[in-house]
Amino acid sequence: MTISIHDFFKKKKKRKAQAHTSEKLDIPGNLWVRCYRCGTTIYSKDLETALKVCPKCNYHFRLSASERISFTVDEGTFEEINPHIKSTDFLSFVDSKPYAKRLKDAEMKSGLPEVIVTGEGKINGWSVAVGAMDFSFMGGSMGSAVGEKVTRLFEHALHRKIPAIIFSSSGGARMQEGIMSLMQMAKTSSALGRLRENCIPYICVLTDPTTGGTTASFAMLGDIHIAEPNALIGFAGPRVIEQTIRQKLPAGFQRSEYLEEHGMVDIVSPRKDLKKVLTNILSFFDFKGE
Amino acid sequence: MELDYKSLLPFEKPIAELYKKIEDLQKMARHGKINLEEETKLIQKRIQKTRRELFAELTPLQTVQVARHMGRPTTLDYIGQIFEGFVELRGDRNFSNDPAMICGIGKLDDLSCVVVGHQKGKNTKENIARNFGMAQPEGYRKALRVMRVADRFGKPIISFVDTPGAYPGIGAEERGQAEAIAKNLRAMAELHVPFITIITGEGGSGGALGIGMGNKVMMLEFSIYSVISPEGCASILFRDATKASLAAEAMKITAKDLLKLGVIDEIIKEPIGGAHQDTKLTAQNIKKAILTNLKPLMHMTSRELIADRYNKFRKMGIFENG
């Protein structure tokens, strides 16, 4: 069979545009996974050992909250806090589906009650208040429950006098909660003011993708900003910008390396080095907790 | 009487028809020498009545149209009416001066105040110069710089919100639009001085909140405050930008709805037919609301002010737990 060059690229483009969660890539038997970027077929167990980074092209697959925690936090040390805080459809919001139904579907799909899992754990022995966002739950969007869990995580860090770390992955505010989702930006940022005032360190780890209201609040207010390679990080989404300015965007625009170049992140760290980098930072701050 | 059809919105069609009648009468009066004053007065009364009725029950999308009306008074219009001796302060001291954000100092009666606010234009040319009221990171950084002047010298801050949103552009991203807004949110929570926010037109998402964390947040009657524009929400969630009306309805973006949700503290009345019918009266209403709300704040210590603001936003959110 022959295909034209045009079709070849068309197909490739389509492939790239699909969702990036690894679960979706599984080829029957869950034994083999195909890399979205380079198309290489990877043995599942190898991918797992490589912390879900393609051994060939270094593509960093998006992680679920539980994968993130298990890759970062010392085994057996994580204790979840506020696990029962969940979103509710207080506006009776209906778009193509009722919000209440969307929440149920998201819970089924992600196996999580909300976007973010928060708790306390240790990273190479250092106690931290840690939160991991899961993009597979409604695009990691921030509604009242996410805002509340993030705020309570910061309050926990303040109370325990331990550094806070959030792994962000979010499309921004959750429109189905209207203005209340916007108010979560104010709430979480105010809570960070208190951490700052009390000299409690806060580290942002920006992962693919972090945009909108999440970036414009707690994801950009760290003492230290770390980003995973090639993560999309920005305020407005690339499509919105393209439509506004009617220009093509420069190569690498809004990617981690671009942000580093423009002074918005301290370190672009490959996933395999992340725990080491975090350990060095935690050791610098030297907070032992109370 | 000047008949300004252009300023009428689509839903004001019944008013346009009445204007047309007056015009016809005036023509007749010019040709024949009959006196039609009585009739004209009657029609004018009907115009007022129709307007009152129309504006008594605007749909959310109609409210959006009023909030975006080209003739709607801008921040500078209100500053001119409310403050004496206004001095504009420009520039973020880092990169540039953003004309989409107005900052300055002035006197509210005897009280020295710091003022910040988005600035839209009144025509295409002005709007291009003001970037349609969409601020760049420099705008937010300028606002923060000037708010910190207030903070240091113990002066109250009044912010006027009227923006479709923070500007989504290449430069804005490169220079940290998200960081600039985020930093303002954190900093506003820590201000030691009384802080009042008035949403006068469009309260567009993070771009609005970026200067909008007052101890008291008020909205003009026909302004809107929303996490995303109804068109944006429609195209993402409803996959159809023409469903803006549904999106506007669903998101609860009007002053009435937001007061019910506890996101704002007060609604400031507008003249019948909207703020653009009478800038002076609207400004008077705003001034009254500022003075009334400032009074108790002026008696609070800086610690109480910070706690008051913190608790206000800490409480926001509706969720389940259990």
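**Confidence**

The structure is a predicted model. Chain A has an average pLDDT of 91. Of its residues, 90% score at least 70.

The table sets out their geometry.

| Helices | Axis distance | Angle |
|---|---|---|
| Helix 6 (residues 179–197) of chain A and helix 14 (residues 302–314) of chain B | within 8 Å | roughly 135° |
| Helix 3 (residues 65–72) of chain A and helix 10 (residues 271–285) of chain A | 10 Å | about 60° |

Take the packing between the chains. The axes of helix 6 of chain A and helix 14 of chain B cross at roughly 135°. That angle makes helix 6 of chain A oblique to helix 14 of chain B. Their crossing is left-handed. Helix 6 of chain A brings Met183(A), Ala186(A), Lys187(A), Ser190(A), Ala191(A) and Arg194(A) to the contact. Tyr310(B), Phe313(B) and Arg314(B) meet them from helix 14 of chain B. By class, this contact has five nonpolar, one polar and three charged residues.

Now the packing within chain A. Helix 3 and helix 10 of chain A pack at about 60°, and are therefore oblique to each other. From helix 3 of chain A come Arg68(A), Phe71(A) and Thr72(A). They meet Arg271(A), Leu274(A), Lys275(A) and Leu278(A) in helix 10 of chain A. The classes here are three nonpolar, one polar and three charged residues.

**Aromatic pairs**

Over all chains, the count comes to eight aromatic pairs. One of them is formed by Phe154(A) and Tyr202(A). Its ring centres are 5.0 Å apart, with 70° between the planes. The pair is edge-to-face. It links distant parts of the chain, 48 residues apart. Phe154(A) sits in helix 5 (residues 144–160) of chain A, and Tyr202(A) in strand 8 (residues 202–210) of chain A.

**Backbone details**

Strand 8 of chain A also holds Pro209(A). The peptide bond from Asp208(A) to Pro209(A) is cis. Its omega is near -15°.

Asn230(A) has a phi near 60°. This is a positive value in a residue other than glycine. Asn230(A) lies in the loop between strand 9 (224–227) and helix 8 (238–245) of chain A.

Key:
Residues numbered from 1 in each chain as written. Chains lettered and ligands numbered in written order. Predicted model: local features only at pLDDT ≥ 70, side-chain atom pairs only at ≥ 80, totals over all residues. Heavy atoms only, no water. Axes fitted to C-alpha atoms, helices over the stretch in contact; angles between N-to-C directions. Helix = DSSP H or I, 4+ residues; strand = E, 2+ residues; numbered from the N terminus. Parallel < 35°, antiparallel > 145°, perpendicular 65-115°, else oblique. Left-handed = near helix turned anticlockwise from the far one by under 90°. Contact = heavy atoms within 4.5 Å. Nonpolar A, V, L, I, M, F, W, Y, C, P; charged D, E, K, R; others polar. pLDDT = per-residue confidence, 0-100. Phe/Tyr/Trp six-rings, centres within 6.5 Å; stacked < 30°, edge-to-face > 60°.
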